Amino acid sequence: MNIIKEKKNYILVVRILLIFVFFATWEVTARLKLYNPLFTSYPSEIILDLKDFLVSGDLVKHTSITLKEAFIGLFYGTIVGIVVGLLFGQIQSLGKIFLPIITAIHGIPQLTLAPVYILWFGLGLTSKIFLAALMVFFNVFFSTYAGIQNIEPKLIESANLLGADTVQTLYHVVLPSSMPWILTGIRNGVGASLIGAIIGEFMGASAGFGWMIAYASSYFKIARVMSCIFILLIVGLILNFILDKAEAYLLRWKATTRLSFNYEKNM
Amino acid sequence: MSYIVFENIEKYYDDNHVLKSINLSINKGDFVTLLGSSGCGKSTLLRCLAGLEQITRGKIFLQGEDITYLSPKERNIGMIFQQYSLFPNMNVYNNIAFGLKMKKVDKDVINEEVQKALRLVDLKGYEKRYPYQLSGGEQQRIALARSIVTKPKVLLLDKPFNAIDAKLRRSLQSRIKEIHKELNMTSIFVTHDQEEAMIMSDIIHVMKNGVIEQSGTPVEIYRHPKGIFAAEFIGNHNILEGKDFMNLTGEEQKDSKIVIRPETIEISHGEFSKGEDFYILLGSIVDISFKGSIIRYMVNVNDITLKVDVLFDDYKIYDLGQKVYLKLLKEHCIGL
């Protein structure tokens, strides 16, 4: 027990040390002008800017706009992705008709369509939500569909023999069994929703992180760009933490595989 | 009136003729085995009864009711599979309760029935575990509990022990026999293991290429196999060509094959007294294999090798190459 705990502490210490060394090197080399800090900024300047960002109220405003776009997109994209995935997975002829079409549309890099969506839905939130939702949809749909294809047919047969009708089988057997795949899709979807919202803002907006980053970099305010990236990093960490917890709960019935080649036996 | 009746069942997978006019009746409470090598159609027949496959032609009756076109959920038939197929996302309790929940049975009744089923398969206290936390044998017992808790009209067992090691398999076999007796539940069991079929069954149907070759009690089939296939499948019969048999006994022979069970042949180092109703042969032992309580001698008689099984006896062990006399009762030489 103690050895495991010691090892955990050791890993944590090394990790923090590495991060510290990275920022310290950044700070020192920038201040010594080993390169032009105009293009990179440096940690102390970024911290000051973050303070400004927060005090002026801009941080909360832009964060909430981008997150709102991303989350609404994530919500609709996930729901539609799961429903369509289940539908196509269950009704095979539907799947056969539409799968190549969806695959083809998915093949278009969605970002290239962002200007079109802005044309359709305007400069407001709708175009960003649409882009975010679409990107989430593809992630969730394909993983849900794959999940259903991977269900052991005998599970469905067992459910039928035990008296479950189609809807009951879907709810009690198909959906939970595909949950690992669906969650993978949602996990990728979280990232995709943020990308969708921010790219949408790049293309045309009056607020949000994407707008802020584009605006700041055009004025060479690199500290502000870095501040935005830092905030996004924190947001990403928090979302991943929540997803980990949700997954641990939803997949509590699944054995966790611990594959280890034990290279570090003697550590 | 039989409990289950298959009437002229035909089943094609595309051009592949899997079941060929199967006619079969099964009595209530019987433990019936479909025995055959893989691909003979035995599992398909089972799946047709469960409603998991549609038959191409014919009719299936259960308790006098035509169930040919009913969906699986309307048939009330329990089935356990080789792969256990427990719902991985449900714990043991919910797995067993599933069928009752689907029937909207009262919660207290469900609880009672689940406990009863768990007691029946000796897994009380396992309610909260998930399938991944159970061994193969435990999973199969839970699968059994799950299928009997709804009191199905028939229990189907599709090679349920294939993935289970030999020792555990034997204990599961006897557990299933006990449960079958206790609940008097008509059961149909599919296997390719003749020993398993003999241990478990009231009636065995030997299947080959989509046809039922022979039906009967284990003893009947063992003693009087009809056809080479049944003979090869059940027991370890000596199967001789008619002319070889003529060569051995010097008697005219009309049948093309003669089947002799190895344990019916008597062996001795001294000559037997002659008689009307048996043949005496002289041969030499070419191989000996020890199988626990039984010793099998391979005896060469005029370049024909016969298997002879003898109960292990310290005082009567023959050596390799030793000359021995064999005594074959005529009634044990079955012509096919």
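**Salt bridges and the A–B interface in a predicted model**

B:Arg261 is buried, with a relative accessible area of 11%. Buried here means under 20% relative accessible area, exposed over 50%, and partly exposed in between (1.4 Å probe, protein chains only). B:Glu263, at 35%, is partly exposed. The two side chains meet in a salt bridge, 3.2 Å from N to O. A salt bridge is a side-chain nitrogen of Lys or Arg within 4 Å of a carboxyl oxygen of Asp or Glu.

The model is predicted: local features need pLDDT of at least 70, side-chain atom pairs count only at pLDDT 80 or more, and totals for chains, interfaces and linings use all residues. Residues are numbered from 1 along each chain as its sequence is written, chains are lettered from A and ligands numbered from 1 in the order in which they are written, and side-chain values use heavy atoms, with hydrogens and water left out. Chain B has a mean pLDDT of 90, and 100% of its residues reach 70 or more. pLDDT is the predictor's confidence in each residue, from 0 to 100. The model scores ipTM 0.82 and pTM 0.81.

Over all chains, the whole structure holds 19 salt bridges. One of them joins B:Arg175 and B:Asp122, with the closest N and O atoms 3.3 Å apart. B:Arg175 lies in helix α6 (residues 166-183) of chain B, and B:Asp122 in the loop between α4 (107-120) and α5 (136-148), 53 residues apart. Helices (H or I, at least four residues) and strands (E, at least two) are DSSP runs, numbered from the N terminus. B:Arg175 is buried at 16% relative accessibility. B:Asp122 is partly exposed at 48%.

B:Glu241 pairs with B:Lys257 in a salt bridge of 2.9 Å between the closest N and O atoms. B:Glu241 is in strand β11 (residues 238-241) and B:Lys257 in strand β12 (residues 257-260), so the pair ties together parts of chain B that are 16 residues apart in sequence.

At the interface, 23 residues of chain B are in contact (heavy atoms within 4.5 Å) with 21 residues of chain A. The two chains bury about 2,100 Å² between them, 66% of it on carbon and sulfur atoms. Buried area is the accessible area (1.4 Å probe) that two parts lose on being put together, summed over both. One salt bridge is counted between the chains. A:Glu157 forms a salt bridge with B:Arg47, the closest N and O atoms being 2.5 Å apart.
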